[in-house]
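I opened a new notebook page for this structure. My plan was to look things up one at a time and write each down.

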Amino acid sequence: MNSILIVAHAPLAHALRQCALHVFPDCEGALAALDVQPNVSPEESLGAARILLEQQFHRGGARSQVLVLADVFGATPCNVAQQLVDGVRSRLVAGVNLPMLLRAVTYRHEPLDAQVQRAIAGGTAGVMQVAVAAPLNQVRRKYSDQDIRDHQQ
């Protein structure tokens with residue numbers, strides 16, 4: 001089973017982890033988060049990230065693979081994460097959102113390359129414009145269906 005490490009601007013990494021644990025409480029040991037603080041140097045963040053990554057690699061006594069998810073390409077969290085991954089036992093995907101994370105958790109039992117593709121697909125498919133409509137459990141009434149008493153006080 002693959003592990004997941006989220007590296008993002010504070011407090012996003014831990015917030016995303018909490019959301020994922022709300023849906024998948026059984027993945028707690030396979031999901032770690034590093035909030036990159038604004039007052040901490042990139043070198044200090046990298047040191048903390050290396051410790052978390054090594055813990056994820058050795059989770060459960062077995063050598064696992066790790067998917068690292070960062071928030072914004074080119075920002076400090078992603079730059080730190082780029083220095084972590086080796087492209088063999090660990091991979092990096094930038095642009096993390098909740099649909100991406102949930103998809104990555106769902107498919108954490110698949111090979112790392114497949115998990116990466118599923119995470120990207122989930123993150124992409126999770127972004128959409130939603131039309132303004134009546135809630136799904138209600139039928140939108142037409143104006144002609146309204147009773148005149150609806151407007152009386």
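**Entry 1: aromatic rings.** I began with a rule: rings of Phe, Tyr and Trp pair if their centres lie within 6.5 Å. How many aromatic pairs does this rule give? The count comes to 0 aromatic pairs. I note here that the model is a predicted one.

I then looked for charges over rings. The charged end of Arg89 sits over the ring of Phe57, 4.0 Å from the ring centre. I found another case at Tyr107: the charged end of Arg118 sits over that ring, 4.0 Å from its centre.

**Entry 2: the overall layout.** I counted 5 helices and 4 strands in the chain. Read from the N terminus, the order is β-α-β-α-β-α-β-α-α. The chain has 153 residues, and 37% of them count as buried. I also checked how far apart contacting residues are in sequence. Among contacts with a separation of 6 or more, 64% join residues 24 or more positions apart.

**Entry 3: cysteines.** How many disulfides does the structure hold? I found 0 disulfides. Cys19 is partly exposed, with a relative accessible area of 35%. Cys27 is buried, at 2%.

**Entry 4: helix 5.** I moved on to helix 5, which covers residues 112-125. Its 14 residues reach 20 Å from the first C-alpha to the last. That is close to the 20 Å expected at 1.5 Å a residue.

Which residues of helix 5 are buried? They are Leu112, Gln115, Val116, Ala119, Gly122 and Gly123. They cover an arc of only 135 degrees around the axis, so they lie on the same side of helix 5.

I asked what the buried residues of helix 5 pack against. The partners are strand 1 (3-9), strand 3 (66-70), strand 4 (90-94) and helix 4 (98-106). The face turned away from the buried side carries the exposed residues Gln117 and Thr124.

**Entry 5: Val105.** I stayed with helix 4, where Val105 is placed. Is Val105 buried or exposed? Val105 is buried, with a relative accessible area of 1%. I set aside its neighbours within four places in sequence and listed its contacts: Ile4, Ala20, Phe24 and Cys27. Ile4 is 101 residues away along the chain, yet the C-alpha atoms of Val105 and Ile4 are separated by 7.7 Å.

**Entry 6: Gln65.** I found Gln65 in the loop between helix 2 (42-57) and strand 3. Gln65 is partly exposed, with a relative accessible area of 28%. Leaving aside neighbours within four places in sequence, Gln65 is in contact with Asn2, Ser3, Phe57, Val88, Arg89 and Leu112. Phe57 and Arg89 are the ring and charge of Entry 1. Leu112 is one of the buried residues of helix 5. I also took one distance: Gln65 and Leu53 are 12 residues apart in sequence and 9.8 Å apart in space, C-alpha to C-alpha.

**Entry 7: a cis bond.** Last, I looked at the backbone. The peptide bond from Ala10 to Pro11 is cis, with omega near 0 degrees. Where does Pro11 lie? I placed Pro11 in the loop between strand 1 and helix 1 (12-23).

Methods
Residues are numbered from 1 along each chain as its sequence is written. This is a predicted model: local features need pLDDT of at least 70, side-chain atom pairs count only at pLDDT 80 or more; totals for chains, interfaces and linings use all residues. Side-chain values use heavy atoms; hydrogens and water are left out. A disulfide is a pair of cysteine sulfur atoms within 2.5 Å. Buried means under 20% relative accessible area, exposed over 50%, partly exposed in between (1.4 Å probe, protein chains only). Rings of Phe, Tyr and Trp (its six-membered ring) pair if their centres lie within 6.5 Å; planes under 30 degrees apart count as stacked, over 60 as edge-to-face and the rest as tilted. A charge sits over a ring if NZ of Lys or CZ of Arg is within 6 Å of the ring centre and within 35 degrees of the ring normal. Helices (H or I, at least four residues) and strands (E, at least two) are DSSP runs, numbered from the N terminus. The expected span of a helix is 1.5 Å times one less than its number of residues. The arc is that of the directions from the helix axis to the C-beta atoms. Contact means heavy atoms within 4.5 Å.
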